[in-house]
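Please look at the sequence and the model shown here before reading on. The paragraphs after it go from the overall picture to single residues.

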Amino acid sequence: MIERGESLWMDARRRLFQNRAAVFGLAVVCVLVALAIFTPYLAPYDYDRQDLALGAAAPSAAHPFGTDSLGRDLLTRMLYGSRISLLVGFLATLVSMGIGVTYGAVSGYLGGRTDGILMRTVDILYALPFIFFVIILMVYFGRSLVNLFIALGCIQWLTMARIVRGQVISLKQKEFVEAAVAMGVSTPSIVFRHLVPNVLGPIIVYATLTVPTVMLEEAFISFLGLGVQPPMSSWGLLMSDGVKHLELEPWLILFPGFFLSLTLFSLNFLGDGLRDALDPRYRSD
Amino acid sequence: MLKFVLKRLIGAIPVLWIIATLTFFMIRLAPGGPFDQDKNLPPDIMKNIEAKYHLDEPLPQQYTRYMKSLLRLDLGPSFKYANRTVNDIIAAAFPVSAELALWALMFALLVGVGAGTVASLHPGTWKDHSAMGLAMAGVCTPNFVLGPVLVLVFSLWLGWLPVAGWYGAADRILPAITLGAIYAAYVARLTRGGMLEILRQDFIRTARAKGLPESQVIIRHAFRGGLLPTVTFLGPAIAGIVTGSLVVELIFDIPGLGRFFVQSALNRDYTMVMGTALFYAVLIIFMNILVDIAYACLDPRVRYD
């Protein structure tokens with residue numbers, strides 16, 4: 001019998017599906033993404049439809065999660081909020097991936113003095129309390145969604161840059177890079193066509209762990225009233241509203257809080273599972 | 001040792017300069033000014049106000065003026081709180097934030113190290129699983145979720161603790177737990193990992209073999225190496241606690257610096273925002289240097305250069 005060779009990705013998939021916590025995380029994330037995508041068809045009401053006569057009502061058959069003080073359906077607002085929260089999470093992660101991967105790969109491949117300067121800059125930036133800059137950015141450049149995910153993406157790329165740089169440094173001595181150089185492939189092409197695809201594992205793992213961090217920061221900023229603005233909704237915004245009505249309408253904080261925690265929980269489990277699955281040090285050989 | 005500290009302190013200077021410059025230009029280049037909301041002001045008065053705060057000068061001149069005053073450790077007057085300087089406001093509000101942070105840090109360390117140590121001594125048992133399960137939940141519960149839930153349960157439903165305010169000792173409990181919980185969770189995980197590693201070592205077996213009581217083995221022998229990962233984490237933890245206090249001070253209505261920062265960010269109080277951000281940056285940088293020194297003291301393998 002010839003044993004079929006197992007690629008890194010097949011091996012990783014098998015290991016991922018053996019990890020129960022990671023499968024749970026993956027399932028929750030898939031459900032959430034599906035709910036967010038199909039929100040316009042699923043939501044029982046419009047996200048800004050008010051029912052002032054009803055006001056704040058406890059969960060009931062008509063409003064499974066209750067309503068807020070303006071009579072808006074909480075389930076609907078949470079569904080629409082999940083779109084914003086997930087969108088900011090994924091887009092900001094993409095922004096941070098773009099910056100971090102480019103920066104790290106270029107720095108690692110060029111090496112020498114360029115690498116020294118680039119990495120020293122990262123060290124300096126690490127020391128800055130970035131969330132203050134996000135707050136300043138949001139206040140002074142307008143509280144729009146685009147500003148929010150650009151600002152969040154711009155502060156999350158440092159670790160990604162370090163990871164990619166380390167991987168690229170260990171890869172650039174390999175024969176395939178030497179061969180590419182010998183064939184006269186241009187430097188940008190070596191970095192992005194030959195090196196980056198080989199570091200995809202760590203990039204994916206770290207990106208998965210960046211998504212919950214960014215979602216948390218979005219919620220933090222919106223909670224302070226500096227992020228997503230009403231009548232739009234995001235989970236952080238819903239919670240800051242819930243805190244104001246804590247005593248009489250506790251469901252306004254309990255539902256968004258629970259789902260935010262569940263999402264962060266799932267994404268972290270998934271990220272940990274992916275790391276265990278993709279980290280070659282743990283591979284079964 | 002002295003050289004190491006000096007080197008770190010000198011290294012902090014360009015960082016501070018970058019922060020000061022960044023905040024200055026970010027705020028000045030943004031549309032809208034601090035007095036835009038006072039729309040009814042006649043132009044003459046507006047001019048006077050601008051002249052008073054030197055807002056009518058060209059930008060480079062404002063920049064050098066600000067940098068010079070920073071060298072004198074003067075953060076300038078507040079734009080919104082009339083007749084108060086930023087230094088005054090920080091001096092009044094920061095002790096409150098510092099106290100809150102201290103309680104939160106103590107909670108995080110006591111609970112985290114305690115739970116982590118117990119878990120590492122009984123790996124695989126219910127003690128380990130329940131401690132680590134709680135820690136996992138703690139890591140994924142942001143403070144602005146935990147805070148309101150704690151208030152709901154312990155203040156509104158059970159009536160044991162005050163809802164908000166900053167007067168007596170009972171007011172400290174919920175904010176400190178809210179702010180410290182997530183770090184307690186991280187510390188517990190790190191302590192467990194570090195201790196598991198150390199407890200396997202030969203010198204621990206030797207200590208036990210020569211008949212030392214278990215408490216001595218743990219405190220005198222295992223902690224020194226087992227807590228190293230925890231000490232490394234203190235830097236980010238302090239930075240996180242400082243940041244987290246923005247939200248916790250809002251939730252519990254605590255008159256600390258975090259609340260002032262958010263307020264002045266909303267009010268476009270230029271000097272307040274710059275001053276507070278700079279102050280926080282200095283704080284975090286120096287805390288990190290302190291942590292590095294503590295780490296070097298604990299681990300003889302760390303060289304000072």
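Residues are numbered from 1 along each chain as its sequence is written, chains are lettered from A and ligands numbered from 1 in the order in which they are written, and side-chain values use heavy atoms, with hydrogens and water left out.

We begin with the confidence of the prediction. The predictor gives the complex an ipTM of 0.74 and a pTM of 0.79. For single residues its confidence is expressed as pLDDT, on a scale from 0 to 100. Chain A has an average pLDDT of 81, with 92% of the residues scoring at least 70, and chain B has a mean of 80, with 93% of its residues reaching 70 or more. Among the elements of chain A, the lowest mean pLDDT, 75, belongs to helix H6 (residues 130-140), and the highest, 88, to helix H4 (residues 74-110). In chain B, the lowest mean among the elements, 72, is that of helix H2 (residues 43-52), and the highest, 88, is that of H4(B). Where pLDDT is low, the predicted coordinates should not be read in detail.

Turning to chain A, the reader will find 13 helices and zero strands, where helices (H or I, at least four residues) and strands (E, at least two) are DSSP runs numbered from the N terminus. The C-alpha trace of chain A spans about 75 × 60 × 30 Å along its principal axes. Of the 285 residues in chain A, 50% count as buried, a term that means under 20% relative accessible area, with exposed meaning over 50% and partly exposed in between (1.4 Å probe, protein chains only). The accessible surface of chain A comes to about 13300 Å², and 64% of it belongs to carbon and sulfur atoms; such areas come from the Shrake-Rupley method with a 1.4 Å probe, and for residues only the protein chains shown count as cover. Among the contacts in chain A with a separation of 6 or more, 72% are accounted for by residues 24 or more positions apart, contact meaning heavy atoms within 4.5 Å.

Chain B comes to 12 helices and zero strands, and its C-alpha atoms fill a box of roughly 85 × 55 × 30 Å, taken along the principal axes. Buried residues make up 48% of the 305 residues in chain B, and the accessible surface of this chain is about 15100 Å², of which 66% belongs to carbon and sulfur atoms. Residues 24 or more positions apart account for 74% of the chain B contacts with a separation of 6 or more.

How do two helices of chain A meet? Two packed helices are described by the angle between their axes and the distance between the axes. The axes of helix H12 (residues 235-244) and helix H13 (residues 251-278) of chain A come within 8 Å and cross at roughly 145°, the axes being lines fitted to C-alpha atoms, for helices over the stretch in contact, and the angles running from 0 to 180 degrees between N-to-C directions. On the H12(A) side the meeting residues are A:Trp235, A:Leu238, A:Met239, A:Gly242 and A:Val243, and those of H13(A) include A:Leu252, A:Pro256, A:Phe259 and A:Leu260. The residues of this contact divide into nine nonpolar, three polar and no charged, with Ala, Val, Leu, Ile, Met, Phe, Trp, Tyr, Cys and Pro counted as nonpolar, Asp, Glu, Lys and Arg as charged, and the others, Gly among them, as polar.Some single residues complete the picture. A:Met183 is found in the loop between helix H9 (175-182) and helix H10 (187-195) of chain A, and it counts as exposed because its relative accessibility is 69%. In chain B, B:Ala207 is found in helix H8 (residues 202-209) and is buried, with a relative accessible area of 2%. Not counting residues up to four places away in sequence, B:Ala207 touches B:Leu212, B:Val217 and B:His221. B:Asp253 lies in the loop between helix H10 (228-251) and helix H11 (257-267) of chain B, and its phi is near 55°, a positive value in a residue other than glycine.

How values were computed
pLDDT = per-residue confidence, 0-100.
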